[in-house]
Amino acid sequence: MAIHLCRDYNTQNVTTGNRTYIYAYLLAIFMRRVLGYSYVGDTNFNINSVGTLLIATGDTTPTAATPTFPPGNRAGINLGFQKEFFVSIPAGVRTVNLNDVGRILVLRSTSNPTFNSGIFVIVGFDIPTNSYIIDYRTLGDKPPVEPADSMNWYLYEKDTNCPTQGVGNTLKTSAEYRGDGNSTTPRIMLQSPHSTNYQVRICNESTADVATGPTTLTCPTTSVAVGLGGNASGDFLAGGSHSHAPQWANSSGVQYLGGAAGMSDGGGSIGTQFRVTMIGGDDGYGVAVFARRPGNGTQPTGFICVFGLPFNEPLPLPSNPAARLFTIGTGFSGSDNFGAREINDMGLQAGPIYSIINANNVSQGMSVSPFGVPVSCSASFWAYITGGGQNTGPQLDASASDTPFISSTELLPLDLIQGTTSGWNTGTTAIPVYPLAPRLMGTIPYVYEGRANFGDFSPSTDPGRSFQHMRRGLFIPWNGPNIIP
Amino acid sequence: MATKFCRSLIFTGTTNGAPKATYPLKAIYEFWGYVINGTASLTTPGGFAATTPFGGGLPADFQGLFTTIAGASNGQTLPQAVIALASTTNLATSGTVYIATTTGTQTVTYTGISGNNITGCSGGTGVMSTGNIVTSPSLITFGNDGYTNQTTSFQFGGQQSFFSASQPFTTAMVGKTLVMWKAGSNSSEDGLYNIVGFVSPTQILINVNNGGTPSAPDGYKPAFSNRTSINFRVVDMGIAGATTGVTDGNFMVMQFDPTGVNAGQANSQIQLLIAGATNTRIDHKISPAGTWNGTTFSDATAQTAPNAPSSSAFFSGTSGGTTQQITLIGDKDFLIGHYRDANNAMGAAGVAFHIEIPDRLYTSAQDPNPIVVNFNGFGATTQFTSTGTTHTYGGGWVMKCNDGTARAHRCSVRALSGDGNANLSLVSAAQTPGNALNDFRAGANAFAGNLLNSPGFLTLPGVAGQYSLARVRLRKVRFANSFMPQFTRINTSSGDFILITQGVAIPWDKAVLPFTLFPF
């Protein structure tokens with residue numbers, strides 16, 4: 001298994017309405033082209049074949065599960081002194097040009113997956129070497145040299161032109177979930193290379209489904225659902241085997257708000273770039289997405305979304321494979337129109353949506369129960385058995401420091417637990433909608449817990465920078481280049 | 001290794017009012033030294049430091065003085081005014097001894113000592129022979145020819161028979177304690193038992209529910225199997241606990257065996273010391289490397305009193321006498337106990353302690369010899385709770401820190417959601433297993449038919465330079481939903497546990513409790 005990183009991608013579009021959908025675009029591309037997820041289907045979210053979004057590639061079978069790069073079709077990086085950030089591509093496939101500046105270059109490196117894999121903004125080009133100059137996103141480190149014909153590459157359209165939002169299913173009523181069927185809202189279904197063949201549905205929820213308040217509708221800006229049995233339109237089925245509660249129940253009832261966890265940048269923050277870091281393995285266990293506000297600003301804050309299949313699952317495994325899957329993220333849009341409340345700020349602390357206006361920084365999570373219905377799930381931090389409460393656990397203790405026994409910062413796997421919350425929308429009219437059937441699922445892939453007072457977005461101090469602390473005591477394996485503060 | 005049980009042993013203390021802490025200390029001595037660590041020796045306990053493990057003036061009668069009949073009394077028939085012994089070392093200047101004769105164990109009183117003779121003797125029958133055993137009052141008799149028969153039928157009061165062909169039993173032993181063990185046995189039939197009846201010099205009745213092995217046909221009722229050559233001691237816990245002359249500083253040094261827990265760990269030691277005004281506490285010192293040399297340690301922590309919310313006393317000043325009750329659960333790498341008396345002199349909850357070799361989470365080079373001690377003095381609402389941040393199972397876990405100081409660590413558990421906040425109003429309770437988790441809907445999986453439970457990590461916050469997020473993982477406690485009834489049994493991948501109170505569960509087997517662990 002190799003871990004690949006998408007390091008600190010700076011969103012380019014900060015002014016127009018589609019900026020809030022960039023994350024879905026980046027995530028789908030990262031999964032499809034870097035982590036090796038295969039394509040199942042989509043609606044208005046075609047990153048799979050050369051066309052509007054996928055501009056060019058050396059892959060002659062870009063729609064197949066496995067790419068085909070004939071000899072000479074791959075890319076190289078670091079062409080030498082003062083050409084360190086140059087990525088050469090075969091001129092026979094595409095000639096670099098000015099129109100590509102601002103577009104996205106996707107690289108998949110098998111030799112240096114934490115340095116040279118990822119999604120990079122093209123900031124220039126060099127005709128003599130037929131190279132793109134990329135925003136490598138590091139502080140002083142240079143890419144490890146990979147000669148020409150070393151890395152898979154894909155040229156994608158600028159994030160300004162990413163899929164955005166459509167209208168709901170016209171064949172359904174307002175009481176139903178309407179992000180499926182003939183809905184024009186963009187969504188895509190990808191399938192993990194893991195042997196379970198589980199699927200991930202990334203959906204920019206429709207205008208008929210995105211919640212505009214705690215008492216209206218059900219969905220966040222972009223939902224990320226896991227399950228089985230997705231179709232060519234990029235949809236799971238009502239009553240199917242997946243974690244998207246509104247879609248499963250085919251309901252727009254507010255009791256399901258939070259039941260389609262995913263991503264949102266908080267809406268009305270025009271003028272603010274986000275910095276996106278993603279981590280995943282080519283073993284298909286899942287992805288963790290971190291979107292960071294420059295300066296760690298508030299309202300909206302940053303967010304986290306992590307999903308897939310847990311590590312270290314306890315035995316026996318559930319007979320229902322969907323019960324092994326999870327998504328944790330933000331369960332609502334978090335827009336300023338929502339009452340100035342914030343999104344999860346990269347925190348995996350669990351909490352409800354309603355009545356927490358001043359108790360922010362909490363996530364919502366969903367899974368599938370062993371008996372087939374959507375069920376809540378959440379991270380399970382190590383917490384003081386008594387005397388502790390939200391944000392006062394051992395990870396957040398003010399005295400936390402390196403541990404004298406190991407002269408380092410302790411990191412622990414972060415457990416994942418299912419069935420301990422009967423609903424995520426705790427408004428006065430809410431009713432329990434998920435079974436309380438607690439079950440330890442395993443540990444969250446690629447995310448570890450440690451002390452929160454380690455510097456935000458700081459690498460560990462060992463020579464190889466083994467980990468990076470994101471925020472709120474969440475660490476991810478790093479082993480990559482130095483980090484821009 | 002195998003877990004052994006002393007389930008709610010009841011014994012009667014004396015009324016002299018002097019000793020207190022010696023009652024549980026004596027029970028620990030018998031349970032740790034013979035039941036868990038016993039060898040073929042009937043009078044030399046295992047599981048203690050190799051060199052001078054008992055000291056500070058601890059009276060010999062605490063252990064049970066052992067000697068034999070000397071040649072001068074060979075062939076004489078009791079009663080005799082003068083009886084010759086092999087030794088009178090540590091024997092009280094007057095009192096009682098038990099002598100084995102042709103008619104079994106005899107009670108003999110004496111009024112003086114002259115050389116190796118006891119004088120002014122009276123009582124007893126039968127013929128004495130050279131080498132016959134003589135014991136002091138706390139150790140009535142002992143032997144190695146005990147045997148039991150498999151009995152599965154229900155016996156009122158849990159009465160089952162214990163046999164010895166050497167006819168050591170007398171009616172006076174009813175109400176006393178039988179200690180039985182086989183060296184190296186994994187049977188939980190090794191234990192401390194109330195003697196509830198006398199049948200003949202070769203047969204007594206004991207309460208099998210004090211120990212026993214849950215066996216066929218249902219696998220839940222404690223019973224005996226067919227065993228022979230069982231080592232045994234008959235102990236008067238009341239007399240031993242009331243031994244005169246016990247003073248502060250008297251001690252015993254227990255040694256733990258980490259085999260199978262942490263690779264390369266030394267035999268860590270704990271010194272238990274009588275302390276406090278009029279013998280009201282059991283203090284401890286921790287020696288992770290097990291360095292007791294008969295006089296001192298080279299690595300031990302300072303003497304530490306029990307944790308308690310309102311008092312560091314382990315006992316009140318009036319707990320001598322009355323009916324005593326103790327539960328002990330242990331193996332060579334852990335010992336858990338609970339003790340109280342009938343008049344609630346220690347509070348209704350009694351006192352409790354928990355010592356174990358926990359799972360090491362750092363490397364052996366970084367943290368070579370972890371051992372943790374949790375002594376809870378009386379004053380808590382209940383000892384088996386997790387409500388305290390500096391005591392009880394929530395925060396009373398004393399370990400030697402990196403700087404050599406003993407500090408109480410807090411316990412961290414796996415939260416049911418996030419970091420355990422109580423903001424999820426649909427659940428309406430804090431989401432951390434243990435005392436705080438009291439919502440009947442959370443923490444129990446009705447579909448799977450099990451209780452979600454969590455082990456505990458020990459965390460040390462609040463001390464500059466000594467922070468540990470998760471230094472060790474406790475092996476012998478689980479934390480679950482406090483809403484569940486007391487004595488609910490929990491099956492885990494690490495064995496069975498029983499929920500005591502408020503979400504705290506300790507190791508158990510499949511035995512259905514015949515009575516409460518807190519009987520008063």
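A: What follows is a short chat about some strands in chains A and B.

A: First, this is a predicted model, in which local features need pLDDT of at least 70, side-chain atom pairs count only at pLDDT 80 or more, and totals for chains, interfaces and linings use all residues. Residues are numbered from 1 along each chain as its sequence is written, while chains are lettered from A and ligands numbered from 1 in the order in which they are written.

Q: Thanks! Is β16(A) buried or exposed?
A: Seven of the seven residues of β16 (residues 286-292) of chain A are buried, so the strand is largely enclosed by the rest of the structure. Strands here are DSSP runs (E, at least two residues), numbered from the N terminus, and buried means that 20 or more other C-beta atoms lie within 10 Å of a residue's own, with C-beta atoms placed from the backbone.

Q: Which residues are on each side of β16(A)?
A: Gly286(A), Ala288(A), Phe290(A) and Arg292(A) are on one side, with Val287(A), Val289(A) and Ala291(A) on the other.

Q: And what joins β15(A) to β16(A)?
A: Six bridges, and the two strands run antiparallel. Pairing takes at least two bridges found by DSSP. Val276(A) stands opposite Ala291(A) there.

Q: What's in the turn of that hairpin?
A: Four residues lie between β15(A) and β16(A), and Gly284(A) in the turn has a positive phi of about 80°.

Q: Switching to chain B, what's the strand order in the open sheet of four strands?
A: The order is β2-β18-β19-β20, with antiparallel pairing. β2 (54-55) and β20 (281-287) of chain B each have a single partner strand, so one side of each is left without a neighbour in the sheet.

Terms used
Buried ≥ 20, exposed ≤ 12 C-beta atoms within 10 Å, placed from the backbone.
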